[in-house]
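Here is a quick tour of a predicted model, written for someone who likes to see the cut-offs. Have the viewer open as you read.

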Amino acid sequence: MMKQSLLGSTLFAGLLSAGAVGMSTPATATVIEYRALLSGPAEATPNNSPGSGTAEVFFDDLAHSLRVVINYSGLLGTTTAAHIHCCTALPATGAVGVATQLPSFAGFPLGVQAGSYDLTFDLTQAASYNPTFVTNNGGSVASAEAALGAGLAARRAYVNIHTNAFPSGEIRGFLIPEPASLGLLGLGLVGLAAARRQRGSSR
C-alpha cells in the first residue's frame, strides 16, 4: 500500500518536472480523469443508505484547473455539503479532512435528495481550497495544488456528500484514474527521468 502512495507522488512530481525542464516539444495540458462510485457502504462509517452517485474529476496540470462533475440520487437525508477530501494515509481507505473549499463546493445543490453538479475550479486561487489543507501542505496555493494532484494520483482522495441524516457523510467514493488516463500518469515517470538527466548534465 505504501509503495502505491509513493508511486502516485512520484508520478505527479514527474508530470510537473516534465514541464519544468524545458522539453523540446510544445507544452500541452495533461488532463487526468478520475472517477468514483458513491455509496453509503463506502463511507468511513458504512451505512445502509440507498443513495448512490458518480463523480468525475478532471485535473489539468497546465491550466491549473479542476473540473468536478457529480450526479447523485436516492439520498435519505437532504444535502448539506459536498467536498473532496485528501489525502488519506493509505490508498482507497480511511478518512481525512477536506481539501477543497468550505463550507461546500460553490453552487452545489443543497437541501435536496438528488441532483447534479458541474463546475471548474481555478487551482491558483486560495478560495478553491480549505485553508487548513493549504497550511498543512506547504503553506502556499502552489504546494496545495501539488499535494492534491499527488493525492489524486495515489488514490488517496475521495468525494463525500454530507446530508442532515448523515452529517459526516451519506455517500462517498475514492477517486480512481480512468484507464485512458493511466498512460498519462505514466508520462510522469518519463518527465522525472528527464528532469534528473537535466540536473545531471548541468553539474
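## Strands E6 and E7

Strand E6 (residues 157–163) runs antiparallel to E7, with four bridges joining the two; strands count as paired if DSSP finds at least two bridges between them. Across this pairing, Tyr-158 sits opposite Phe-174 of E7. Elements here are DSSP runs numbered from the N terminus: helices are H or I with at least four residues, strands are E with at least two.

In a regular strand, side chains alternate between the two faces of the sheet. In E7 (residues 171–174), Ile-171 and Gly-173 point one way, Arg-172 and Phe-174 the other, and all are buried. Buried means under 20% relative accessible area, exposed over 50%, and partly exposed in between (1.4 Å probe, protein chains only).

## Ground rules

Residues are numbered from 1 along each chain as its sequence is written, and side-chain values use heavy atoms, leaving out hydrogens and water. Since the model is predicted, local features need pLDDT of at least 70 and side-chain atom pairs count only at pLDDT 80 or more, while totals for chains, interfaces and linings use all residues.

## The nonpolar core

The largest nonpolar core has 35 residues, and Ile-70 and Ile-84 have the most contacts inside it. Such a core is a set of buried Ala, Val, Leu, Ile, Met, Phe, Trp, Tyr and Cys residues joined through side-chain atoms within 4.5 Å. Helix H3 gives the most to this core, with five residues.

What does Ile-70 touch, leaving aside residues up to four places away in sequence? Its partners include Leu-38, Phe-105, Phe-108, Val-159 and Ile-161, where contact means heavy atoms within 4.5 Å.

## Salt bridges

A search of the whole structure turns up four salt bridges, each a side-chain nitrogen of Lys or Arg within 4 Å of a carboxyl oxygen of Asp or Glu. Arg-35 pairs with Glu-33, closest N and O atoms 3.2 Å apart, and also with Glu-178 (3.2 Å, N to O). Arg-35 lies in strand E1 and Glu-178 in the loop between strand E8 and helix H4, so this pair ties together parts 143 residues apart in sequence.

Arg-67 and Asp-118 form another salt bridge (2.6 Å, N to O). That one links strand E3 to strand E5, 51 residues apart. Shared partners join Glu-33, Arg-35, Glu-56 and Glu-178 into one network.

## One disulfide

The whole structure has one disulfide, that is, a pair of cysteine sulfur atoms within 2.5 Å. It joins Cys-86 to Cys-87, S to S 2.1 Å.
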